[in-house]
Amino acid sequence: MSEISMDQAQVMMKVALEKGREMGLKPLSVVVLDAGGHVKTFLREDGAAPGRFPIAHGKAYGAVMLGMAGTAQMARAEQQAYFMAAVNGVYGGQVVPVPGGVLVRDGAGKVVGAVGLTGDTSDNDAIAAKAGVEAAGLIAEI
């Protein structure tokens, strides 16, 4: 597999949002990016803040462009703030280095995209996004 299909992207979003409802999370927004960082799909639940797209996108964009999930990005930012500041400069301020940016790999371990989910705590966002990725038959790296 070399890319996330539209069907897989839709499954990821649907299941991630269902997981959020099951967990009692605040209204969520979710974006799926392909391996080049291009938007495949985006959904914002009713009641989610209108500014959530750039946050969801930034979580996913950082994951796919760096090949590093949000949790690893946050750890790197805590250890080497100057590095993540430089990365954010390179990418025009589009990187949001926190959990909820989930790197998506195929069965062979190749990065095929990322999911960005926002609306609740970053850790809860990551849990819901992971459920969506796994439901689509792919590997989630949170």
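This report describes the fold, the overall dimensions and one hairpin of a predicted model.

Residues are numbered from 1 along each chain as its sequence is written, and side-chain values use heavy atoms, without hydrogens and water. Because the model is predicted, local features need pLDDT of at least 70 and side-chain atom pairs count only at pLDDT 80 or more, while totals for chains, interfaces and linings use all residues.

The chain has 5 helices and 5 strands; these are DSSP runs numbered from the N terminus, with helices being H or I of at least four residues and strands E of at least two. From the N terminus the order of elements is α-β-β-α-α-α-β-β-α-β.

Strands β1 and β2 pair in the antiparallel sense over 5 bridges, where pairing requires that DSSP finds at least two bridges between two strands. Val 30 stands opposite Leu 43 in β2. The hairpin has 4 residues between the strands, and Gly 37 takes a positive phi near 85° there.

| Strand | Residues |
|---|---|
| β1 | residues 29-34 |
| β2 | residues 39-44 |

The radius of gyration of the chain is 14 Å, which agrees with the value near 14 Å for a compact globule with 142 residues. This radius is taken over C-alpha atoms, and the globule rule is 2.2 Å times the number of residues to the power 0.38. Along the principal axes, the C-alpha atoms fill a box of roughly 35 × 35 × 20 Å.

Contacts (heavy atoms within 4.5 Å) with a separation of 6 or more come to 64% from residues 24 or more positions apart.
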